[in-house]
Amino acid sequence: MPDNNGNNQNNNDDDEYEKYCYLCRRPESEAGPFIRMPGNMYICNDCMQKSFDSFNNGAMQFLDLSKMPNINMSQFMPFDDIPTSQKVKKKKKQKEEKEQKPLTMADVPAPHKIKAMLDEYVVGQEYAKRAMSVAVYNHYKRVITDTMDDIEIEKSNMLMLGPTGCGKTYLVQTIAKILQVPLAITDATTLTEAGYIGDDVESILSKLLAVADNDVEKAERGIVFIDEIDKIAKKKETRSRDVSGESVQQGLLKILEGAEVEVPVGSGSKNAMTPMTTMNTRNILFICGGAFPDIEDIIKQRLNKQSSMGFAADLKDKYDKNDNLIKEVTTEDLREFGMIPEFLGRLPVLFTLDALDKDMYIKILKEPKNAILKQYKKLLALDEVDLEFDDSAYEAIAEKAMEKKTGARALRAIIEKFMMDIMYEIPRDDNIGRVTITGDYINGKGAPIIELRGTNI
């Protein structure tokens with residue numbers, strides 16, 4: 001029990017307050033998991049590693065903390081003597097965790113229902129949504145029914161190609177939300193061969209484990225999305241060791257196919273100070289995505305092999321104006337791009353996403369549940385102001401987005417720019433009841449139409 005001054009704590013209160021490292025005095029929420037030492041003393045991994053390094057270099061004698069660099073012995077005090085006023089209470093979780101019930105077939109919607117849910121959030125991309133719905137449904141049927149005993153069903157890992165900003169990441173996020181399974185999104189550009197600076201391939205599973213609150217059983221039924229997969233293609237005409245290209249593809253092979261993998265908990269690489277656990281990747285669904293820039297040139301080269309002189313010959317510029325030429329991609333093109341055959345063989349479901357055209361940009365502004373224009377309408381509705389957009393405004397925004405050539409991400413940048421003045425000025429006048437955005441305002445040739453309550457200006 002605490003004394004009159006509230007300085008000392010009972011052991012029952014330990015879970016209420018943050019633990020602190022005995023050496024650097026950082027809390028556990030900042031420094032990571034602590035190592036418990038005799039005498040109710042806790043030391044973080046960083047300080048323990050520095051201590052071992054000092055011992056190995058002969059810079060100090062064992063447990064002679066006075067010679068440790070950057071350590072002020074006058075600041076040391078017994079851990080139990082830290083007053084309550086200097087302790088930080090642990091953050092409470094936003095929601096109480098519900099008991100995790102096992103996934104059943106009743107929890108996995110049929111493919112047409114999955115696609116219908118995707119339609120509410122993702123505009124267009126019909127083929128991609130159908131392919132993903134079927135692959136995800138079949139994968140979780142395989143996981144739940146565990147039909148590996150009599151007829152062995154292989155995993156339906158996916159590889160999707162599409163230009164930047166066409167909705168690859170958003171599709172995966174929506175799928176994970178629908179199924180309510182752990183989703184880890186990682187970037188292939190950070191991965192390197194084991195032993196080099198960067199993340200080991202096992203760090204992908206570390207992120208999935210962290211999302212699943214370090215529950216291995218829950219993580220083993222999750223989804224991993226590896227973005228920018230085209231950045232680990234084989235480097236061409238290089239004499240240096242390819243530590244972030246083909247070697248990463250080789251390292252991912254066993255993880256993609258299904259194997260028992262030693263995974264560092266809470267770290268991107270393996271070392272002596274990091275706790276390890278074993279995960280089986282057999283039931284983890286892997287989805288890889290990338291823009292694969294310039295693969296259109298490889299596709300054109302393959303399609304134009306029949307080009308020759310004569311009336312029946314194909315023209316070499318026949319495909320130059322085809323924005324969706326990537327739909328003609330094959331595994332042969334991907335091998336030419338730099339992906340190894342063993343890697344492609346572990347991603348049997350291959351599909352592409354369409355480039356966005358003007359009509360799709362307009363639909364993205366209007367239709368999705370969380371469309372960006374609906375977000376701004378909601379914000380102004382809190383100020384009791386109606387925000388409207390006429391047809392010319394939709395077309396002007398879409399045209400500007402097409403000029404930027406960065407996909408749907410361009411829409412937010414455009415809208416943020418012209419909405420800044422409106423969001424700044426509207427709260428100044430309580431008489432404003434409605435604001436209508438026009439195409440002239442988007443193009444900088446006019447002003448929005450402002451209607452006062454009861455009048456029209």
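Predicted model: local features only at pLDDT ≥ 70, side-chain atom pairs only at ≥ 80, totals over all residues.
Q: How many helices and strands does the secondary structure come to?
A: The protein has 16 helices and 12 strands, where helices (H or I, at least four residues) and strands (E, at least two) are DSSP runs numbered from the N terminus.

Q: Why does Ser156 count as buried?
A: Buried means under 20% relative accessible area, exposed over 50% and partly exposed in between, with a 1.4 Å probe and protein chains only; Ser156, at 18% relative accessibility, therefore counts as buried. Ser156 is placed in the loop between helix H4 (126–145) and strand S3 (158–161), and apart from neighbours within four places in sequence, Ser156 is in contact with Ala135, Leu285, Pro348 and Val349.

Q: What makes Arg142 buried?
A: Arg142, which lies in helix H4, has a relative accessible area of 6%, and that value puts Arg142 among the buried residues. Arg142 and Ser156 stand 14 residues apart in sequence and 9.8 Å apart in space, C-alpha to C-alpha. Over the whole protein, buried residues make up 41% of the 457 residues.

Q: At what angle do helix H3 and H4 pack, and why is H3 called oblique to H4?
A: Helix H3 (residues 111–119) and H4 pack at about 135 degrees with their axes 8 Å apart, the axes being lines fitted to C-alpha atoms, for helices over the stretch in contact, and angles running from 0 to 180 degrees between N-to-C directions. Angles under 35 degrees count as roughly parallel, over 145 as roughly antiparallel, 65 to 115 as roughly perpendicular and the rest as oblique, so the angle of about 135 degrees makes H3 oblique to H4. The residues that meet are Pro111, Ile114, Lys115, Leu118 and Asp119 in H3 and Glu126, Lys129, Arg130, Ser133, Val134 and Tyr137 in H4.

Q: What makes H4 oblique to helix H5?
A: H4 and helix H5 (residues 168–179) pack at an angle of about 40 degrees, with their axes 12 Å apart, and that angle makes H4 oblique to H5. On the H4 side the contact is made by Ala128, Lys129, Met132, Val136 and Tyr140, and on the H5 side by Leu171, Val172, Ile175 and Leu179.

Q: Why do strand S4 and strand S9 stand at the edges?
A: Two strands pair if DSSP finds at least two bridges between them. The open sheet has five strands in the order S4-S5-S8-S3-S9, with parallel pairing; strand S4 (183–187) and strand S9 (349–352) each have a single partner strand, so one side of each is left without a neighbour in the sheet. Neighbouring strands of this sheet are turned by 20 degrees against each other on average, direction ignored.

Q: How many bridges join S4 to strand S5, and which strands does H4 touch on the sheet?
A: S4 and strand S5 (residues 223–227) run parallel and are joined by five bridges, and Ile185 has Phe225 in S5 as its bridge partner. H4 packs on the sheet and touches S3, S5, strand S8 (285–290) and S9, the direction of H4 making about 160 degrees with that of S9.

Notes. Residues numbered from 1 in each chain as written. Heavy atoms only, no water. Contact = heavy atoms within 4.5 Å.
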